[in-house]
Amino acid sequence: MNRLLAYRSDLPLSTGLRLLIANKRLLLWTYLASVLLGLRAALPFHSRVSPILDHSLAAQDLAGRFDVSSYALLTMHLGRQGTTLYTQAFADIVVYCVFAILLAAGTYFVFGSGEVPRLGLVLRAGVDYFWRFFRLLLFAGIIAGMIVGGLTAVRTLVLKHADEVYVGRTYFYLALISLVAVALVAFFFRLWFDLAEAMTIQLGLDGDRRVRRSLFPSLRILKQRFASTYLSYLLIGALGWAGLLLCGWLWVVAVPARAVPLAWIVGQLGVLSILTARIWQRGLATAVVAFAEPVPVVHRAIFTPPPAFQTPEAGEENSSGILRMPNEISSSEVPPLSEAIGEPGTAIDSAPHPIDDTDLQT
Amino acid sequence: MLQVRRLFAALHPAVLCLFLGLLCISTVWHANAQTAVATNAPAGQPLSQRVVAYTLEAKVNTDKKTVDATEILDYKNLTGQPLDTFPFHLYLNAFRPQSSFAYETHLGGGIRGAAHDYPKEEIGGITVSQLSADGYGDLTQAMQFTAPDDGNMADHTVMQVHLPKPLAPGATIRFHLTFHDKFPLSVARNGYKRDFIMGGQWFPKVGVFWHGTWNCHQYHATTEFFADFGTFDVKLTVPNRYTVGASGVPVGEQNNGNGTKTLHFYGEDIHDFAWAASPHFLVMDETFQSSMGPVKLHGLILQAHAHLGRRYLRALKGSMQKFNDWYGAYPYKQITLIDPEPDSQMYGMEYPTLITAGTSWWAPESLPLGLETTTEHEFGHQYWYGMVATNEFEEAWLDEGINSYTEAKVMAALYGKATSAIDLRHATMSDLELQRAGYLSDPDYDPMTRWAWKFYSASSYGAITYGKTATVLTTLEAAVGEPTMQKALRVYFDRYRFKHPTGTDFLNTINEVSGRKDLQPYFQAAVYGTKILDYAVVDAASEPVEWWKPQHGSSRGPWRTVVAVHRKGDFVFPVTLEVRFSDGSKTREHWNGADRWIRYTYVKNAKLVAAEVDPDHQILLDKNFFNNSYVVARNGTASWKLTNYWMFFEQCAAQFVSWFV
């Protein structure tokens with residue numbers, strides 16, 4: 001059984017993981033971005049607190065047992081500097097979000113194109129697809145905002161009424177269950193837009209820049225195989241957060257209070273855990289899109305490719321472990337135009353293929 | 001008569017003896033009951049000068065959250081002068097948007113939250129429909145609202161009545177009032193939440209004639225209460241399904257046969273009466289043996305918090321023991337602990353012989369900051385407010401502040417000196433440090449002695465009244481010694497319980513017990529002033545005495561060590577400086593702090609290791625502990641540890657936010 005058949009095993013979970021493993025450098029770049037962000041916030045913080053603490057005996061209240069009031073007073077003494085630090089940290093997160101869009105687009109591009117995940121390529125792809133992803137984000141913000149926001153409002157209303165009757169554990173479980181319900185809906189939207197992002201890349205590889213082409217087709221794909229995709233997606237997310245919580249637990253129970261390097265390693269493992277899960281989820285989204293029913297393409301003219309020009313089977317993997325859409329042709333496999341020209345009078349269907357929404361019906 | 005003689009002749013002598021014995025016991029019991037029902041007072045004597053006697057009969061409508069009641073008030077004129085005006089507090093009228101309380105809460109925040117709007121369910125009020133007095137007739141038309149503090153005539157939290165003729169000194173007047181309460185939805189200690197009702201400040205309460213005039217302030221966002229001691233005979237009619245806890249002790253219960261019951265309570269030597277009712281209370285009782293007699297700990301715990309009931313009582317019992325040992329006995333026969341509905345503003349409030357605490361169902365034992373601290377604090381108020389009944393409007397530091405100081409001490413004794421607020425594996429905090437941090441959040445807007453509603457803001461009120469007072473008294477304790485401070489508080493309690501002392505009385509007691517004549521400057525700066533205390537080691541280094549010679553190796557000697565201390569704040573306080581050297585020796589210097597700075601120079605065959613101001617960590621008023629010391633060898637553990645936290649949380653926050661994009 002060749003690898004192509006293995007990929008056709010309807011297990012996007014494992015496929016996503018294999019994509020992640022095959023492109024480990026993506027994880028490296030994403031993690032480095034996270035570390036850079038962390039350092040961008042942490043080093044100014046250190047430069048502010050170091051002069052206060054490094055020669056002070058009172059700092060021992062923070063080095064050993066972490067005295068909460070000492071930390072509170074330290075932030076008071078930082079005064080405006082502390083406010084600046086908080087503001088800067090918040091602004092950095094906003095900048096990071098922009099960078100996260102670049103990385104997301106780059107990740108999907110690498111998964112979809114099979115290119116080697118060099119940083120330059122990832123960033124270039126990120127820049128190329130930035131506005132398409134940004135438009136998707138706006139769509140997502142509007143659609144998910146309306147529905148999740150509406151659900152949140154309903155939840156608030158329900159809890160307000162529940163609060164008049166229930167207290168303690170009962171109310172907590174009500175609040176928790178309703179929160180989980182809203183979160184599950186939010187996860188649905190996240191998955192949908194992950195699929196849409198993956199499809200946007202696939203369309204982009206076909207030269208189609210229209211974002212709207214990815215929105216509803218990806219929803220249809222999700223509808224086709226909702227249960228397995230959604231549960232796999234949730235499972236990956238849960239694994240990531242479980243890893244973070246495990247590291248947090250280890251930090252608290254096993255790392256000595258003064259062992260800063262060890263604490264740093266454990267903390268970073270936790271961060272790595274959620275980053276890994278996120279990239280894995282993107283791999284899953286790419287696989288789901290790739291394994292979806294082939295999208296019929298309306299050719300303007302009949303074209304029968306010569307034997308040397310055979311289109312790969314759906315979901316076939318190339319040597320770099322990439323997946324391709326069933327109707328996709330890698331640039332390396334495209335023969336020179338002169339070879340591809342058939343009989344005189346036969347039109348060649350050139351990419352991008354125009355695709356109608358109705359054509360996406362499967 | 002003959003028949004009676006025959007009857008006695010027929011009785012067996014043993015039965016007769018039993019009958020006579022029971023009669024004696026009953027007589028003795030009744031004799032005691034008449035003199036001391038609610039206290040363990042020796043020989044049943046009154047513990048206070050009982051100025052007032054309230055008799056209240058109230059019907060509680062638990063559906064509408066209203067009360068319809070009648071009040072009989074006997075006021076004994078012990079002022080030594082005729083009285084022709086009587087002011088009454090109508091506290092519930094504060095819960096209207098027109099009140100000074102509402103405006104102040106909107107403007108500067110209240111101690112239980114700021115108001116940005118005024119929803120109609122938070123409107124409450126009290127309406128006195130009739131007022132008369134024996135010998136004076138109907139005085140309903142003579143009632144008028146006043147606003148002695150700010151002139152807001154729409155406030156309606158104080159009304160007064162002019163008598164047609166003055167009440168003579170030594171005479172007693174009996175008022176009859178009929179009133180209607182409408183409780184608000186959980187505002188500032190009061191109202192209802194779900195089907196829980198807190199009856200606090202629910203009846204017209206006469207002011208205190210104090211220092212030659214009536215003292216009857218309006219209800220403000222940051223003020224509490226002040227009243228005369230007396231007796232309270234209260235009957236509350238509630239639905240049968242409700243359990244009620246109240247001040248005093250229960251003395252009777254009657255089923256009315258219409259789905260309601262009437263509960264009878266009696267309190268004496270107290271100055272307020274509060275009650276709480278809920279259909280969800282579980283009763284958890286214990287007994288504490290105080291040095292004046294047994295005290296019933298009457299816990300009314302919400303069913304949702306049943307698993308926390310014993311923790312409440314353990315905290316209460318522990319606090320009672322410490323107060324009994326350190327300051328004096330709790331003289332009442334009962335203390336009622338109410339566990340109010342969560343998410344309400346009725347948590348953490350004190351009334352005579354009744355306290356409300358507050359918790360969440362998940363409250364871990366490693367966070368005494370919630371359940372235990374609140375229970376201790378409110379019990380402490382039985383002493384500093386309940387018995388030593390200071391004027392909470394004008395000198396809030398005497399109840400909240402002293403109570404915060406004793407809270408820190410009791411919590412440290414019960415839950416650990418460093419862990420009495422937070423006791424997690426990697427994070428700790430003591431109650432005292434919490435108080436200090438509270439003080440330093442707003443350290444210099446107001447003096448401790450400012451009248452409560454005149455503070456710059458609610459935040460400043462909290463910081464100074466609670467945090468600064470506790471910090472000032474702890475620093476004072478370091479100066480005079482812990483046993484002396486404890487003795488001073490005991491004397492203060494013994495001398496002023498069931499009275500209305502002032503701040504001067506308190507400070508004079510400390511002066512007297514400590515025998516110190518030099519504390520006045522400290523009181524002036526710390527209590528009456530807003531000066532900041534901050535000492536810093538600003539210069540600390542060693543260099544060779546022959547500094548001009550080239551260095552040969554690292555151990556040249558001798559060394560000249562210079563240490564300079566800077567008094568950065570205006571608060572002058574004597575301090576100790578400890579200087580440690582590389583040969584293990586250390587020296588201590590005592591500086592009166594009068595000048596702005598001082599420099600010490602040492603010539604030794606050892607280099608400086610560290611210099612520290614206040615090496616025993618006694619001056620908690622010092623604003624900044626980090627600059628109190630200088631260690632020559634850099635130790636970056638703390639800064640890198642915090643940096644690691646900062647980085648980790650930044651990364652996690654970024655991941656969380658970027659999930660949405």
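In which sense do β24(B) and β25(B) pair, and over how many bridges? The pairing of β24(B) with β25(B) is antiparallel and runs over two bridges. Strands here are DSSP E runs of at least two residues, helices are H or I runs of at least four, and both are numbered from the N terminus. Two strands count as paired if DSSP finds at least two bridges between them.

A word on conventions. The model is predicted: local features need pLDDT of at least 70, side-chain atom pairs count only at pLDDT 80 or more, and totals for chains, interfaces and linings use all residues. Residues are numbered from 1 along each chain as its sequence is written, while chains are lettered from A and ligands numbered from 1 in the order in which they are written.

Let me return to the sheet. It is an open sheet of three strands, ordered β1(A)-β25(B)-β24(B), with mixed pairing. β1 of chain A and β24 (422-423) of chain B stand at the edges with a single partner strand each, so one side of each has no neighbour in the sheet. β1(A) pairs with β25 (residues 427-429) of chain B in the parallel sense, over two bridges. There, A:Asp67 has B:Thr428 as its bridge partner.

I turn now to the interface as a whole. In chain A, 51 residues are in contact with 50 residues of chain B, a contact being two C-beta atoms, placed from the backbone, within 7 Å. The element that gives the most to the chain A side is α3(A), with twelve residues. By class, that side holds 35 nonpolar, ten polar and six charged residues. Here Ala, Val, Leu, Ile, Met, Phe, Trp, Tyr, Cys and Pro are nonpolar, Asp, Glu, Lys and Arg are charged, and the others, Gly among them, are polar. The predictor assigns the complex an ipTM of 0.83 and a pTM of 0.85.

Next, the interior. A residue is buried if 20 or more other C-beta atoms lie within 10 Å of its own, exposed if 12 or fewer, and partly exposed in between, with C-beta atoms placed from the backbone. A nonpolar core joins buried Ala, Val, Leu, Ile, Met, Phe, Trp, Tyr and Cys residues through C-beta atoms within 7 Å. The largest such core has 248 residues, and A:Leu195, B:Tyr312 and B:Ala611 are among those with the most contacts inside it. α11(A) supplies the largest share of this core, 17 residues. Within chain B, B:Ala611 touches residues including B:Val537, B:Leu577 and B:Tyr630, leaving aside residues up to four places away in sequence.

Two loop residues of chain B deserve mention. B:His156, in the loop between β6 (143-146) and β7 (158-167), has a positive phi near 70° without being a glycine. It counts as buried because it has 23 C-beta neighbours inside 10 Å. B:Gln201, between β10 (196-199) and β11 (205-206), likewise is not a glycine and has a positive phi of about 45°. With 24 C-beta neighbours inside 10 Å, B:Gln201 also counts as buried.

Finally, confidence. Chain B has a mean pLDDT of 93, with 93% of its residues at 70 or more; pLDDT is the predictor's confidence in each residue, from 0 to 100. Over residues 1-11 of chain B, however, pLDDT is below 50, and it also stays under 50 over residues 22-33.
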